[in-house]
Amino acid sequence: MAIDKDLLMLMLRRMWTIRHFEETVIDIYAKGEFGGAAHPYIGEEAVAVGACVAMQDTDYIAGNHRSHGHPLAKGGDPKRAMAELLGRVDGYCKGKGGSMHLADFSVGILGESGILGSSLPVATGAALASKIKGEDFISAVFFGDGASNQGACHESMNLASVWKLPIIFICENNQYAVTTSYRDTVAVEHVSDRASAYNMPGVLVDGQDVVAMYEAVSVGIERARAGEGPSLVEGLTYRYEEHSLGLGRIRRGEYRPEEEIETWRQRDPIVIHEKRLVEQGIATQEECDAVRDEEAKEIEEALEFARNSPFPEPGDLFDDMFADAIPQP
Amino acid sequence: MPETVFVNAINEALQEEMKRDESVFIMGEDIKRSIYGATMGLLEEFGEKRVLDTPLSENAFFGAAVGAAAVGMRPVVETLTSFMWVAMDQLVSQAAKMRYMFGGQVNLPVVYRATMYYGGGSAAHHSDRSYPMFMNMPGLKIVAPSNPADMKGLMKTAIRDNDVVIMFEDGTLFGNRGEVPANEDVPGGELLIPFGQANTLREGSDVTAVAIAGSVPHALSAAEELEADGISVEVIDPRTLVPLDKATILASVEKTGRLVIADPAHKVCSAASEIASIVAEEGFWSLQAPIAKVASEQVHIPYSPALEKLVYPTKEKIADAVKRTLE
């Protein structure tokens with residue numbers, strides 16, 4: 001699959017956007033700038049970016065609790081994402097959603113869900129709408145190895161298959177549901193093996209390789225747009241950080257050996273992609289460095305924007321409950 | 001005025017709204033063949049794309065309704081109350097919360113049609129009257145009609161509403177007949193009943209009886225019987241529980257000074273509990289007697305008719321409660 005330079009550079013750019021965003025989040029969380037949970041996507045960037053750059057703005061995605069990478073990969077605005085994390089009015093959800101519930105319907109982001117497996121039915125419904133309307137858009141949903149054990153996951157895959165819906169199920173298998181290895185919880189060797197039960201293609205992809213993810217998801221998208229139904233793409237990947245910020249009780253090395261973390265860090269998705277760009281003469285190291293620095297600056301600006309955005313007013317508490325408003329009881 | 005059977009009123013509303021708006025579609029289990037009667041003829045008129053039989057996967061299709069609504073459709077989902085339990089994550093985590101949680105970015109015009117079959121030996125797993133649990137969850141509009149005209153008018157309003165609405169359809173009423181005005185006989189040419197407007201079905205001066213869904217006919221019968229004893233009962237049907245027309249209830253209690261609430265739901269944290277609490281907080285000085293709740297007993301629904309008939313509000317229980325408030 002020939003991919004033009006602009007798209008390859010966009011992949012690099014979006015991976016850097018996410019990397020810088022997450023590093024900033026870790027930093028400001030440690031300083032106490034916001035609370036609650038936040039689940040860093042560092043190490044997994046190639047999965048969301050490879051998938052999302054294969055889509056159009058009119059296509060829809062839904063995601064999960066590890067929620068910053070998907071909207072940024074789909075072209076969401078880091079300023080509004082950061083403002084949401086800080087609970088400010090300029091956040092995507094006006095400060096009502098926070099880290100686990102970023103959403104930007106204007107670029108096809110149906111929202112991230114804190115309940116695992118919960119967004120698969122929703123994304124399936126977006127694909128159903130496409131089919132009923134006879135339109136061209138597709139939907140995709142990101143979920144983890146852990147969520148692949150949820151009933152909602154299996155129900156959605158079956159429903160999408162019997163109705164031949166235009167959807168890509170994207171499993172970002174980072175190998176651990178919090179501290180539990182998927183090898184102890186998933187009955188098949190690979191999550192993608194589950195596709196055969198639903199009569200859809202299932203492919204296992206190197207989730208550290210953004211181009212491999214792009215190609216696999218593109219095949220699924222083509223199939224979806226042709227009315228041939230859903231696909232399951234499993235990106236095997238790794239989370240460098242702990243499950244969530246603020247989970248102080250879990251110590252590094254406790255449930256996964258340090259050597260394993262180190263081995264996966266050696267397969268960093270940004271390094272792999274950059275190396276390919278430079279070695280194949282597609283871009284110079286200087287061009288790659290410039291993308292890195294530009295995205296670092298963008299995230300600095302995003303943080304400044306978020307810090308300067310006001311908190312919601314008490315009067316905002318009841319807004320947005322209903323489209324056709326009703327009195328508070 | 002023409003008489004219509006309750007279940008046919010549902011069908012008329014669905015027919016009219018699907019004809020009016022192409023984005024309305026319906027899905028559920030065995031609806032093509034209209035196993036419960038409400039979807040009769042829809043497949044023939046609107047085709048397979050808009051009338052969908054689902055797998056037995058409530059989580060998937062309850063959630064798919066949310067996703068379809070989020071991108072511009074107006075789904076109607078047919079189910080039974082008892083099957084809502086297996087889709088609670090989608091109802092609560094997605095349908096109810098999504099709009100607020102995403103800062104109002106999305107409208108979710110979904111109607112869940114949940115039929116309550118009880119009173120006919122369906123036993124514990126098929127007899128749920130679960131609206132109070134959903135009243136407790138912000139973000140859902142809750143409708144519980146008691147007669148065919150309200151059923152039709154509220155269903156049409158629900159489908160046009162831009163939020164998630166759960167229509168609790170009382171199965172004990174499905175065969176009831178009632179007058180439903182023809183569209184050409186109502187202002188605006190269509191029967192549309194706004195949410196949040198209680199219906200005073202019978203005026204009275206001694207006691208206010210607020211009755212919900214299938215309890216309404218029992219309350220009306222009780223009121224009729226008590227009239228012979230010289231007791232004048234005002235019967236109010238809230239029709240929608242969220243939003244709840246508390247002004248009409250409070251005004252009636254101000255007039256009568258006495259309140260009985262009949263509710264087919266289990267008595268603990270029931271709709272009756274909520275109405276009692278509102279009147280206790282906001283209408284206390286009007287009360288001349290303690291509020292009486294006539295709700296279902298706090299037991300599961302037993303199979304044997306000998307036991308099941310003991311559980312629900314009846315004409316006799318309501319009449320007794322009215323008399324108690326007058327002692």
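Author: Two strands are paired if DSSP finds at least two bridges between them; strands (E, at least two residues) and helices (H or I, at least four) are DSSP runs numbered from the N terminus. The model is predicted: local features need pLDDT of at least 70 and side-chain atom pairs pLDDT 80 or more, while totals for chains, interfaces and linings use all residues. Residues are numbered from 1 along each chain as its sequence is written, with chains lettered from A and ligands numbered from 1 in written order.

Reader: In strand 11 of chain B, which residue is the bridge partner of B:Val207?

Author: Strand 10 (residues 207–211) and strand 11 (residues 233–237) of chain B run parallel and are joined by 4 bridges. Within strand 11 of chain B, the partner of B:Val207 is B:Val233.

Reader: How are helix 1 and helix 7 of chain B directed, roughly parallel or oblique to each other?

Author: Helix 1 (residues 6–20) and helix 7 (residues 148–160) of chain B have axes 8 Å apart and pack at an angle of about 30°. Angles under 35 degrees count as roughly parallel, over 145 as roughly antiparallel, 65 to 115 as roughly perpendicular and the rest as oblique. Helix 1 and helix 7 of chain B are therefore roughly parallel.

Reader: Which element of chain A gives the most to the side that touches chain B?

Author: In chain A, 39 residues are in contact with 42 residues of chain B. Strand 2 (109–112), helix 5 (119–133) and helix 6 (151–162) of chain A each give two or more residues to that side. With 9 residues, the element that gives the most is helix 5 of chain A.

Reader: What distance separates the centres of domain 1 and domain 2 of chain B?

Author: An automatic or database assignment sets domain bounds, giving domain 1 (3–189) and domain 2 (199–325) in chain B. Taken over C-alpha atoms, the centres of domain 1 and domain 2 of chain B are separated by 26 Å.

Notes:
Two residues are in contact if their C-beta atoms, placed from the backbone, lie within 7 Å. Axes are lines fitted to C-alpha atoms, for helices over the stretch in contact, and angles run from 0 to 180 degrees between N-to-C directions.
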